[in-house]
Each structure stands twice: as structure tokens, then as C-alpha cells.
Amino acid sequence: MTVSNCPRCGKIFRKLKRNICPNCVAKEDKEYEIVRDFLYDNPGAGIQTITEETGVSENQVIKFLREDRLVNVNKDSLLLDCESCGTAISNGRYCEACKARLDSDIRGVAGGGTTDRERKASSFHLRRLKDK
Ligand SMILES: [Zn+2]
Ligand SMILES: [Zn+2]
């Protein structure tokens, strides 16, 4: 059994899927709903507006963005870095190019089921992304 300190409230809890305690998962889900609803009513809002209007902390909003859970955010106001190459991105953890590369890496490692045709298709896809 893995026991861990909740990074949000410091409570010791049994680590399951999420790395925060069940209490904070509930709180976080609530905050996510608030932000999501706010963005639904105010599409294109910047991160500063979101934190001011919803009271949800900037770190938390960025965390949602990293988890790819938010849409309609004004991307100009966001500064996330691709975890692989450091390119500025608006959401998620990797830029499109790295996502495609990681995707084909995973498929390459998995080996077995990958046909030559699929491999060619994915390198073609990469080239098209680079040409943009
Ligand atoms: Zn907690
Ligand atoms: Zn990248």
C-alpha cells in the first residue's frame, strides 16, 4: 500500500490513481466545474480573468490546462512549455510535433503489431507537421 502526503492539504492518505487525497479530489473537481462553467459563459477568457472571476488559483487553472481539461481559454495569455522540447504551448504537456513523435515512439517500442504501412503513415504525418 502506497501512502503519500497530499500536496494540497498535507494530509496523509492512501495513494490511488490521483496524487492528491480524496478530499482534495472533490475540491479540485468542484473548482474544475467552476472554471469550466465560467469558460462556457466567457469563451476566450484569459487565465488572469479566470482566476479573478472564479477565485480558483492560477496554479490550479494551469494544472487543469496541463491535464488538457479546459477548452476556450485565451491561449495568448498562457505560457506553458512543452515538457520535451520547451516550445511554448497552450495546453497539454507536449507540443504537436513532440506528441506525434512520442506517439510513434510508443508504437515503435510496442513493435509487434506495427505494420510497415503504419510506420510510413506516421512519419509522413510528422513531415507534414514540420512543413507548417
Ligand atoms: Zn488533500
Ligand atoms: Zn515539443
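A residue is called buried here if 20 or more other C-beta atoms lie within 10 Å of its own, exposed if 12 or fewer do, and partly exposed in between, with the C-beta atoms placed from the backbone. By that criterion, buried residues make up 9% of the 132 residues in the chain.

This is a predicted model, in which local features need pLDDT of at least 70 and side-chain atom pairs count only at pLDDT 80 or more, while totals for chains, interfaces and linings use all residues. Residues are numbered from 1 along each chain as its sequence is written, and chains are lettered from A and ligands numbered from 1 in the order in which they are written.

The chain averages a pLDDT (the predictor's confidence in each residue, from 0 to 100) of 81, and 78% of the residues score at least 70. The chain has 5 helices and 4 strands, taken as DSSP runs numbered from the N terminus, with helices (H or I) of at least four residues and strands (E) of at least two. From the N terminus on, these elements run β-β-α-α-α-β-β-α-α.

| Element | Mean pLDDT |
|---|---|
| α1, the highest | 95 |
| α5 (residues 116–131), the lowest | 56 |

Helix α3 (residues 58–66) has V61, F64 and L65 as its buried residues. Seen down the axis of α3, these fall within an arc of 100° (the arc of the directions from the helix axis to the C-beta atoms), so they line one face of the helix. The buried residues of α3 pack against α1 (22–41), α2 (47–54) and β3 (80–81), where two residues are in contact if their C-beta atoms, placed from the backbone, lie within 7 Å. After α3 comes D68, whose phi is positive, near 65°.

F13 lies in strand β2 (residues 12–14) and counts as partly exposed because it has 19 C-beta neighbours inside 10 Å. Leaving aside residues up to four places away in sequence, F13 touches S4, C6, C21 and P22. F13 and V3, which are 10 residues apart in sequence, are 5.7 Å apart in space, C-alpha to C-alpha.
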